[in-house]
Amino acid sequence: MIFDPLLDLFRGKAVTIPPMDGAFRPNTQIDDAPLAGRLAAPDNLVELDGRLLASSGNAVVSIAMHGGPQTVSTFDAPVTALAVSPDGELAVALETGRLYLDGRELELPSALACITAIAFAPDSSLYAANGSAERRPREWAADLMLKGESGSLWARAPWSGVWREIASGLAFPFGIFLDGAGAVVSESWRHRLVRIESSGGRSTILDRLPGYPSRLSPASGGGAWLSLFAPRNRLVEFVLQEDAYRADMLAEVPPDCWIAPALSSRRSFLEPLQCGAIKTMGVHKPWSPTRSYGMVVRLDRGMRPLYSLHSRADGTRHGICSVLEHGGRLVAASKGGDCLVAIDLATAGGVN
Amino acid sequence: MEAVVRLERITKAYRGVPALKNVDFELRKGEIHALLGENGAGKSTLTKIIAGAVEATSGTMYRNGRPVSYKSPNEALKAGIAMVFQETSLVPSMTVAQNLYLGSERFLNRLRGITISAQQFLQSLNFPVDPTAVVETLGAAKRQMVEIARAVHHNAEVIIFDEPTAALTPEEKRHFFALMRRLKAGGVSIVFISHALEEALLISDRITVLRDGELVSTGETAGYDRDAIIAAMVGRKLSAELYRRRGSGQVRQPGRKVLSVQDISMGKIVRNNSFSVFEGQITGVFGLNGSGRTETFKIVSGIYKRDFLRGGAIELNDRPVRYLVPREAVKDGIVYVTEDRKTEGIFETMSIAENLFAGLLAGGHGRNWIVGMRQMQAFARNWIDRLAIRAINDNARVVELSGGNQQKVVIGKGLVEQPRIVIFDEPTRGVDVGAIAEIHQIINRLADEGLAVVVISSYLPEVMNLSDRILVCRQGRIVEEFSPAGATEEKIMYAAVH
């Protein structure tokens, strides 16, 4: 209707959440998948010399599919991102804003202090997603509540070691995928993937995701895997519109009890949305409103979604921050569920 | 055992088309008699004759051995026969208590007294319904409970339940079955119509199966099993094919997303409903009455309006739309084929050609101010052939057609507008078995031609047979999506009621 833009001034623009159907149709594949290992808050997954490595707290651990995790190295702060260079060097980013390459600390510009994801280009250029210019990675919920858009993308030239800011003004970039045409970055608070060229030009390639996107990893046969670490929720969207309420909540309520997305939920009776987790006759409804969720999306070469894997509201393998193809299976790190799960690639898209 | 009601060679014809043909039926004292058959088999007609809502064309009805003929439901009620109709017959603007006492009021009534006595009565039946609640505020299940309570309240000797459990949750069903057993123990005879065969096998003493208006089989429940009932109900090969389960190979793959509904709300009926519709696919929508499925699609097609504030968004081909009138939706290629064809779908006293042409005018496609009859009839002839509408001639009034052919006219009225999205609401309600197959063919053809098709139905086999994806609606929102291969009646019903 032609009057809609005018009427929107009075009624407010509709803030809606895209439905989880089509390629995002819910299933229980992540909850049904066999466990690959128990690990406290596994975050980022990489493969080094055929071994699967995961970051967990202050440590980088090696995961054997039929054995317990073995610590590879420990640091003095939580590890926030991992990457492996074409030469087989492991890059490790820390919560404190430091970055190590094969054990050597790299010099970083002062603005690059919230590294959420790193990736190497084939020419060994190192790309780093800086989630926020004002907050640290663990303060991601505060960044969302304050509608942060101070994130940036940086690249380090391999020969000179000089860092260059490629793009700024990003709303919490949380994943990097490098293909021939540039860097694809997941922008969590804008629920989208953007392609950023080395010249700084950017274009949106996948918009209106039903959750907050995090890391990307390459998929066999072309395309990528995208993990979404939390679902979008009407209550959270509402709170994001209510500035005064949000300011009071941030000032007075402990962060765990904020009305904000979470990596896991239902662990404390104090947390919000307990009533949203609808139970009937003792059964927790899988479609009930939830703060946490587990979702992995298979993207084709054009970054269009093909199908998705889910751990729904009644599941526990929530807060998937990273996935990686390893040994013919897709390994997903459930940060909220404190575990790694291995999904059979041959049957992954079968139920969609 | 003595028969409290006996029907002999009962025939009922609507405009010459027989709905019942020489049916014999016997209801014994203190028995639960399940009456089974497909949609359009004549179950409702038979029970309506017993309850005085419909008069038989020929045949005799005996009540306690004496021939009777009731002219109205009230007359039947006075004779001890009460019926709980499929469509509830409560007064929406009155309270539950007032509805319970409707028709049995005294000269002076004390509202508080009625409420207290209604409260006690509902509690005795284990029905959790507030007697002071206004009926229009109640959900489908609670209305059904009030309807059942009203029948029991009249102390009837014969109670007819027409699909009483369709809207009830498993918990409520258990209460209802306990109630039926209590009534039976008190000597009440019950006729029980249900599509759930397990329920009939569980609760009934005897079973009668009708097919296409004829008595197929009757006998003690112990002599039946599920397969035997289905064989008696379905009979013809055509019917067996109608509700066949689809394999995964027969499911159409989704095309482009044409319609995206996001968080739309309308009062308490539609609540944050979100879903998408894709081209080249049939999206089936199942839900119980009152689940908001019809209202949701009426909002999509501009008949109802979503909430002004925080009403959500509808995107058609990635373009936000908000229709003031259905005509705008029709122009955008959205057509809604109504569930209530008599009041919303057709002009009964106009001809088929006039009805079809009216559909063309609704979309603004007819540009001429004056249209020749010959031109209109040529246009209609084309659609009558395409949809295989059977009538004496093209000038036949729609009221003279059978239910199936009327439905085809309604569908034709929508299709002449050359839509891109067709929404069918209960496309085969009140339609005979043969026409059901033809309507299903039309729907499948539309999806094969690349249109986005939505089929809303409360009949599970229809949804499971037609749909390429099945959405389940509950309390104003889509709660679950199933693929035809992964869906079972139990899973769908569980999602719909829980």
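In chain A of this predicted model, contacts between residues at least 6 apart in sequence were sorted by separation, and 51% of them join residues at least 24 apart. Chain A has five helices and 26 strands. Its C-alpha trace spans about 55 × 45 × 40 Å along the principal axes. The radius of gyration of chain A is 20 Å. A compact globule of 352 residues would have a value near 20 Å, so the two agree. Buried residues account for 46% of the 352 residues of chain A.

Two loop residues of chain A were examined. A:Ser124 sits in the loop between strand S10 (115-120) and strand S11 (126-130) of chain A. Its phi is near 70°, a positive value in a residue other than glycine. A:Ser124 counts as partly exposed because it has 14 C-beta neighbours inside 10 Å, a number between the limit of 12 or fewer for exposed residues and that of 20 or more for buried ones. A:Arg304 belongs to another part of the chain, the loop between strand S22 (294-299) and strand S23 (305-311) of chain A. With 11 C-beta neighbours inside 10 Å, A:Arg304 counts as exposed. A:Arg304 and A:Ala23 are 281 residues apart in sequence. In space, 9.2 Å separate the C-alpha atoms of A:Arg304 and A:Ala23.

Chain B has 18 helices and 20 strands. Of its 498 residues, 48% count as buried. Contacts between residues at least 6 apart in sequence were sorted for chain B as well, and 69% of them join residues at least 24 apart. Chain B is divided into domain 1 (3-235) and domain 2 (248-497). The centres of domain 1 and domain 2 of chain B, taken over C-alpha atoms, are separated by 31 Å.

Two residues of chain B with numbers inside the bounds of domain 1 were considered next. B:Asn64 is found in the loop between strand S4 (58-63) and strand S5 (66-68) of chain B. B:Asn64 is not a glycine, yet it has a positive phi of about 50°. With 14 C-beta neighbours inside 10 Å, B:Asn64 counts as partly exposed. B:Ile159 lies in strand S7 (residues 158-162) of chain B. B:Ile159 is buried, because 24 other C-beta atoms lie within 10 Å. Leaving aside neighbours within four places in sequence, B:Ile159 is in contact with B:Ala82, B:Ala151, B:Leu183, B:Val188 and B:Ile190. B:Ile159 and B:Ile32 are 127 residues apart in sequence. Their C-alpha atoms are 9.6 Å apart in space.

A helix pair of chain B was then described. Helix H13 (residues 352-362) and helix H15 (residues 403-415) of chain B pack at an angle of about 35°. Their axes are 7 Å apart. The crossing of H13(B) and H15(B) is right-handed. On the H13(B) side, the residues in contact are B:Ile352, B:Asn355, B:Leu356, B:Ala358 and B:Gly359. On the H15(B) side, they are B:Val409, B:Gly412, B:Lys413 and B:Gly414. The residues of this contact divide into four nonpolar, four polar and one charged.

B:Glu449 is found in the loop between helix H16 (433-448) and strand S18 (452-457) of chain B. With 9 C-beta neighbours inside 10 Å, B:Glu449 counts as exposed. B:Glu449 and B:Gln98 are 351 residues apart along the chain. Their C-alpha atoms are separated by 53 Å.

The two chains meet at an interface. There, 21 residues of chain B are in contact with 16 residues of chain A. Three elements of chain B give two or more residues to the side that touches chain A: strand S11 (257-266), strand S12 (270-278) and strand S20 (477-482). S12(B) gives the most, with five residues. By residue type, the side of chain B that touches chain A divides into eight nonpolar, eight polar and five charged residues.

Key:
Residues are numbered from 1 along each chain as its sequence is written. Chains are lettered from A and ligands numbered from 1 in the order in which they are written. This is a predicted model: local features need pLDDT of at least 70, side-chain atom pairs count only at pLDDT 80 or more; totals for chains, interfaces and linings use all residues. Two residues are in contact if their C-beta atoms, placed from the backbone, lie within 7 Å. Helices (H or I, at least four residues) and strands (E, at least two) are DSSP runs, numbered from the N terminus. Ala, Val, Leu, Ile, Met, Phe, Trp, Tyr, Cys and Pro count as nonpolar, Asp, Glu, Lys and Arg as charged, and the others, Gly among them, as polar. The radius of gyration is taken over C-alpha atoms; the globule rule is 2.2 Å times the number of residues to the power 0.38. Domain bounds come from an automatic or database domain assignment. Axes are lines fitted to C-alpha atoms, for helices over the stretch in contact, and angles run from 0 to 180 degrees between N-to-C directions. A crossing is left-handed if the near helix is turned anticlockwise from the far one by less than a right angle, and right-handed if clockwise.
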